[in-house]
Amino acid sequence: MVTIKDVAKLAGVAVSTASNALNGKYGVKPETQRRVMEAARQLNYFPSPIAKGLVTNSTRNVSIVVCGPSACELIANPVTFDVMTAIATELGGRGYHAMLSIVRMEEEEEAVSRIILSRSADALILIGTQRSDADLARLLEASAIPSLVVIRGIAGDHAFAVSIDNHLCGYMATRYLLEMGHIRIGFVGATPGLGLAEERLNGYRDALAEAGIAFDESLVVEGEYDQQSGLNGVRQLLRQSPRRPTAIFAANDLMALGAMEALRQEGLRIPEDVSLIGCDNIPNLHLLRVPLTTIAIPFAEIGRLAAKKIIGTLEGTDRLPDQSVLVPELRIRESVKRLE
């Protein structure tokens, strides 16, 4: 059976150097790593992850758990895809393996607990969880492995997070609509207990207050951050509001797409009758019949930072903050009309 000693001999390096090269550790010269990898390929040598784990007490596996009301829809969400791709690319480049689990909301706690207790992975990254902040904290506070949540923050010191300034997302979107002359602004995406949604709603409220406009509960509806809930939310908004809003802020782009369909079904034009702004900047919004104005979030950067935080924590080289918060940007297109 071929061993790492055989690889080291063929490459002309020490066994420790061959091991470091195969594990993607720092300090190995590119030319040395190339020779080691070529020797391993020639000898058809594949390190046993089980054997390596017994020796090093490390699997070099990072478990990515994708969770939502409908996990299949979530995995197809461009936001989830961008984040996962960035995480997997960064992990792979450093010799780690991304293990993907796709679970429904009711399966999340069992899946997370199983990963933590089995030690099948060295770390855990959660994407899409819609648990309340308190419930998420309870789930992760006893974790024996580093745990990280992406896109949303998490209170306390029991887990890391790489997120966006969600309050600023809500504020920027609403502020732009106000600057365009809109006063009656609807909000789709209120979800009590979900920090991300509450922060975007608070940003909306603060922008209104700054402009001297009273908060109107009839202009706010809940949403589950998928396309169908955007459609349902706009229908509800149009029914319950005494006067039709001149603009709507859908708290993510998928709900904005649903909002577009709802407005079309009601015979309302965008932006002539109702202006619309989203949040996320998912791909191809500029190709819509009415290109969508939105708040852009750097999801690929979120994924890269998440992977770097986990790798640094596992290797003892971490210099990143436990809670990283990125800043969004406004992308102006054609779905918002200026009111004179």
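**Labels and their grounds**

Guide: This is a predicted model. Start with Leu276, which touches Ile248, Ala250, Ala256, Ala259, Met260, Ile270, Leu292, Thr293, Ser335 and Val336, leaving aside residues up to four places away in sequence. Leu276 is among the residues with the most contacts inside the largest nonpolar core, along with Ile87, Ile127 and Val150. That core has 79 residues, and its largest share, 8 residues, comes from H12.

Visitor: What makes the contact between Arg114 and Glu110 a salt bridge?

Guide: The closest N and O atoms of Arg114 and Glu110 are 3.9 Å apart. The cut-off is within 4 Å, so the pair counts as a salt bridge. Both residues lie in helix H7, 4 residues apart, about one turn of the helix.

Visitor: Why is Glu110 called exposed, and why is Arg114 called partly exposed?

Guide: Glu110 has a relative accessible area of 57%. Exposed means over 50%, so Glu110 is exposed. Arg114 has 48%, which lies between 20% and 50%, so Arg114 is partly exposed.

Visitor: What makes Glu210 and Arg175 a salt bridge?

Guide: Their N to O distance is 3.6 Å. That is within 4 Å, so the pair qualifies. The pair links distant parts of the chain, with Glu210 in helix H10 and Arg175 in helix H9, 35 residues apart.

Visitor: How do you know that the span of helix H11 agrees with its number of residues?

Guide: At 1.5 Å a residue, the 14 residues of H11 should span 20 Å. The end C-alpha atoms of H11 are 20 Å apart, so the two values agree.

Note on methods
Residues numbered from 1 in each chain as written. Predicted model: local features only at pLDDT ≥ 70, side-chain atom pairs only at ≥ 80, totals over all residues. Heavy atoms only, no water. Helix = DSSP H or I, 4+ residues; strand = E, 2+ residues; numbered from the N terminus. Expected span 1.5 Å × (residues − 1). Core = buried A, V, L, I, M, F, W, Y, C linked by side-chain atoms within 4.5 Å. Buried < 20%, exposed > 50% of the residue type's maximum accessible area, 1.4 Å probe, protein only. Contact = heavy atoms within 4.5 Å. Salt bridge = Lys/Arg side-chain N within 4 Å of Asp/Glu carboxyl O.
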